[in-house]
Amino acid sequence: MENFTFENKTKVIFGKETHLQAGREVKEYSKNILLHYGGGSIKKTGLYDRIITSLEEEGIKFHELSGVKPNPRLSLVREGIELCKKENIDFILAIGGGSVIDSAKAIATGVLYDGDVWDFYTNKATPEQTLPVGVVLTIAAAGSEGSGSSVITNEDGWYKRPLDTDVIKPAFSILNPELTYSLPKYQTMCGVTDIMSHIIERYFTNVNQTDLTDRLCEAALKTVINNGRILLRDPDNYAARAEIMWAGTLAHNGLLDTGRVGDWATHMIEHEVSGIYDVTHGAGLAALFPAWMRYVKNENLDRFVQFAVRVWDVDLAFDNQEEIALEGIRRFEKFLSEIGMPTSLSQLDIPNDRFDEMAKKCVEFGPIGNLKELNEADVLHVLKHSC
């Protein structure tokens with residue numbers, strides 16, 4: 001196990017009707033805020049009106065910036081920064097899923113920086129301070145409600161880049177599983193896949209003697225698998241929604257990182273795919289992970305065997321270790337198909353004519369991945385075998 005420091009400042013308020021506490025939580029930080037959200041869904045469901053009422057009851061002035069898209073855009077982030085500076089806004093309330101939260105984090109960081117916020121996403125600068133951000137979560141997926149991560153897409157070249165720093169962890173996050181009832185099945189299952197991917201990226205490590213976090217990862221994966229299947233049959237099952245929402249937060253709030261070094265190559269490859277083709281992140285990950293697993297499995301075959309046996313209940317009676325590992329990958333792939341996820345890029349209608357461009361951009365800051373370090377040729381191999 002590696003040395004580590006674990007700290008998570010985010011206050012989590014979980015359960016039914018908790019979104020009605022938004023105004024009460026915000027007033028601890030500000031009376032003049034930015035309300036940041038996506039399209040019209042929060043208005044159609046009535047969530048917008050309830051949040052506004054909660055803010056007004058506490059005497060909180062708010063300015064609005066809507067229009068966040070999946071794979072959130074740098075141009076809107078820059079617009080938000082200018083709005084916050086103009087109106088002396090000192091708090092941002094994000095209502096939505098990972099894209100909205102990531103956009104809010106980027107705005108909050110850029111407001112206090114004299115340069116261009118994109119500097120933080122290209123390793124030219126490191127943020128030292130940020131406006132506080134609050135969250136009302138509507139999608140269980142990205143885990144951004146408890147993480148120090150933000151991913152933004154720059155339309156100039158369609159670069160999708162991450163920022164990772166504890167500075168940007170939200171001040172509080174309100175998690176009401178009922179708010180996810182209105183999601184279409186496809187979006188729910190993209191969320192399930194996104195959550196699983198965050199756990200898998202951490203699980204596949206070369207660090208030895210990580211038994212506690214191994215078991216935590218395996219428990220979280222099995223919880224998401226079991227409750228994902230429940231939601232296929234019963235999409236309004238509160239208990240299943242609650243399990244998945246909480247798993248999504250724990251998958252990405254740093255707890256499962258402790259004492260280990262994750263891989264993250266598949267995420268970096270997917271950023272190139274969704275940066276250009278704007279696919280849903282969870283779907284892109286589903287299309288890439290099986291190919292990555294088959295390519296790198298022999299780097300740590302014991303760990304892939306453990307994944308197969310402990311997560312997918314593969315029988316140890318197979319002929320050899322490699323067959324056990326491959327059966328685990330097959331069962332993972334079968335589950336993805338079962339929940340309606342693509343298992344190849346061709347299922348997402350992504351052609352192969354820009355693979356060279358993606359591979360080159362993916363490693364522009366150096367090789368990616370830790371289980372197996374991938375160079376440009378390796379990334380190209382994964383992309384080609386994901387078709």
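Which residues in α6 meet which residues in α8? The legends below take up this question first, and they describe a predicted model.

**View 1. The meeting of helices α6 and α8.** Helix α6 covers residues 185–203 and helix α8 covers residues 238–250, and their axes come within 10 Å of each other while crossing at roughly 40°. That angle makes α6 oblique to α8, and the crossing in which α6 passes α8 is left-handed. On the α6 side the residues are Thr188, Val192 and Ile195, which meet Arg241, Ile244, Ala247 and Gly248 on the α8 side. Sorted by class, this contact of α6 with α8 holds four nonpolar, two polar and one charged residues.

**View 2. The meeting of helices α6 and α11.** Helix α6 also packs with helix α11, which is made of residues 301–312, at an angle of about 140° and with the two axes 12 Å apart. The two helices, α6 and α11, are therefore oblique to each other. From α6, the residues Met196, Ile200 and Tyr203 meet Arg303, Gln306, Phe307 and Trp312 of α11. In this contact of α6 with α11, five residues are nonpolar, one is polar and one is charged.

**View 3. Helix α9 and its surroundings.** Helix α9, which runs through residues 265–277, has 13 residues and spans 19 Å from its first C-alpha to its last, close to the 18 Å expected at 1.5 Å a residue. Because 11 of the 13 residues of α9 are buried, this helix is largely enclosed by the rest of the structure. Among the buried residues of α9 are Ala265, His267, Ile269, Glu272 and Ile276. Asp278 follows α9, and the phi of Asp278 is positive, near 60°.

**View 4. Met293 and its contacts.** Met293 is found in helix α10, and this residue is buried, with a relative accessible area of 0%. When its neighbours within four places in sequence are left aside, Met293 is in contact with Ile200, Phe204, Phe304, Phe307, Ile329 and Phe332. As for Val207, it lies 86 residues from Met293 in sequence, and the two are 18 Å apart in space, C-alpha to C-alpha.

Key: Residues numbered from 1 in each chain as written. Predicted model: local features only at pLDDT ≥ 70, side-chain atom pairs only at ≥ 80, totals over all residues. Heavy atoms only, no water. Axes fitted to C-alpha atoms, helices over the stretch in contact; angles between N-to-C directions. Helix = DSSP H or I, 4+ residues; strand = E, 2+ residues; numbered from the N terminus. Parallel < 35°, antiparallel > 145°, perpendicular 65-115°, else oblique. Left-handed = near helix turned anticlockwise from the far one by under 90°. Contact = heavy atoms within 4.5 Å. Nonpolar A, V, L, I, M, F, W, Y, C, P; charged D, E, K, R; others polar. Expected span 1.5 Å × (residues − 1). Buried < 20%, exposed > 50% of the residue type's maximum accessible area, 1.4 Å probe, protein only.
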